[in-house]
Amino acid sequence: MWSKKSLSKRLWRHYLRSAERMVKLFRIISITFVLGSTIIIIVLISLFTPLFSHAVIYVLQHLPLPTMPADAMGSPPTAYVVLGGGLTNDSNNQIILNRYSLNRVRTAATAYHDLPLPIVLSGAEAPWLRQWLIEHGIDGLISENASMNTCENARFTAKRIPLNHVYLITDSYHMARARRQFALNGINSTPINAPLPVERDWGEPAQNLSHSRRAVYEIAAYLRDVLRPQLDCRRAEDMTSQQLLTPRGVAVKTFD
């Protein structure tokens with residue numbers, strides 16, 4: 001009789017402990033769900049504010065660069081390198097610089113007037129960038145016309161002219177990925193951020209969402225470059241000097 005009562009008590013205690021564990025588990029699941037849902041809601045709301053894009057740029061700016069030669073780390077910048085941001089067509093169907101490229105070349109011109117240094121133009125947009133600068137009184141330009149993506153920008157620029165350290169001109173989202181590619185090719189870079197066509201504005205959710213989309217794109221592109229480098233990035237040793245001066249095409253992606 002006593003053994004049956006003792007067994008019943010043990011079973012009852014085991015049931016209570018199991019019930020307590022289940023209550024704790026459900027409590028943890030509930031808290032996790034609430035916290036997860038709250039975070040997701042906050043992130044979604046932040047996409048329509050300047051917060052998300054500011055946070056992404058902050059993280060991108062603090063990512064470490066690959067190891068570079070001592071000459072690259074110890075020398076001052078000796079040139080400006082302007083990365084093309086795309087082309088478009090005007091009302092007469094003539095090819096012109098899009099707003100990304102135009103902002104970058106304007107930034108280069110401003111920097112050049114403050115500190116005259118050689119300007120290297122990289123990308124299929126280079127002939128249009130060159131023409132814009134010449135029209136604004138800047139000549140002695142060096143062009144690399146063949147690259148069609150950031151990886152090729154770095155590889156072909158390094159082949160086109162010996163450089164250790166440059167002022168790199170692109171926009172703030174693209175900068176981290178571009179600096180990494182130049183570092184992989186032995187070129188140190190000091191960033192000069194060109195403004196984007198659309199400004200952040202707390203009162204303009206659509207404009208903020210545009211920045212957020214760009215931020216997400218750059219995160220994905222940076223991870224791709226690290227985890228699975230681009231297959232369409234041609235090797236510099238396969239290119240001749242003449243090929244570097246010959247544009248591969250004019251269909252340039254806007255975000256690169």
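Asn153 sits in helix H6 (residues 150-160). Helices here are DSSP runs of H or I with at least four residues, strands are E runs of at least two, and both are numbered from the N terminus. The model is predicted: local features need pLDDT of at least 70, side-chain atom pairs count only at pLDDT 80 or more, and totals for chains, interfaces and linings use all residues. Residues are numbered from 1 along each chain as its sequence is written, and side-chain values use heavy atoms, with hydrogens and water left out.

Asn153 is buried, at 4% relative accessible area. Buried means under 20%, exposed over 50%, and partly exposed in between (1.4 Å probe, protein chains only). Leaving aside neighbours within four places in sequence, Asn153 contacts Leu83, Ser122, Gly123, Glu144, Ser147 and Phe182. Contact means heavy atoms within 4.5 Å. Asn145 lies in the loop between E5 and H6. Asn145 is also buried, with a relative accessible area of 9%. Its C-alpha is 9.0 Å from that of Phe156, 11 residues away in sequence.

## Helix H5

Helix H5 spans residues 126-135, and its buried residues are Ala126, Leu129, Trp132 and Leu133. They lie on the same side of H5, because they cover an arc of only 125 degrees around the axis. The arc is taken from the directions from the helix axis to the C-beta atoms.

What do the buried residues of H5 pack against? Their partners are strands E1 (80-83), E3 (95-97), E4 (119-122) and E5 (142-144), plus helix H4 (99-114). Just after H5, Gly137 has a positive phi of about 85 degrees.

## Nonpolar cores

A nonpolar core is a set of buried Ala, Val, Leu, Ile, Met, Phe, Trp, Tyr and Cys residues joined through side-chain atoms within 4.5 Å. The largest has 20 residues, of which Ile119, Leu121 and Leu133 touch the most other members. E1, H4, E4, H5 and strand E6 (165-171) each give two or more residues to this core. H4 gives the most, with 5 residues. Another core, of 14 residues, lies apart from it; Val81, Leu83, Ile161 and Ile187 are among its members.

Leu121 has contacts beyond its neighbours within four places in sequence. They are Val82, Ala126, Leu129, Arg130, Leu133, Leu141, Ile142, Ser143 and Glu144.

## Ile29

Ile29 belongs to helix H1 (residues 2-46). Ile29 is partly exposed, with a relative accessible area of 45%.
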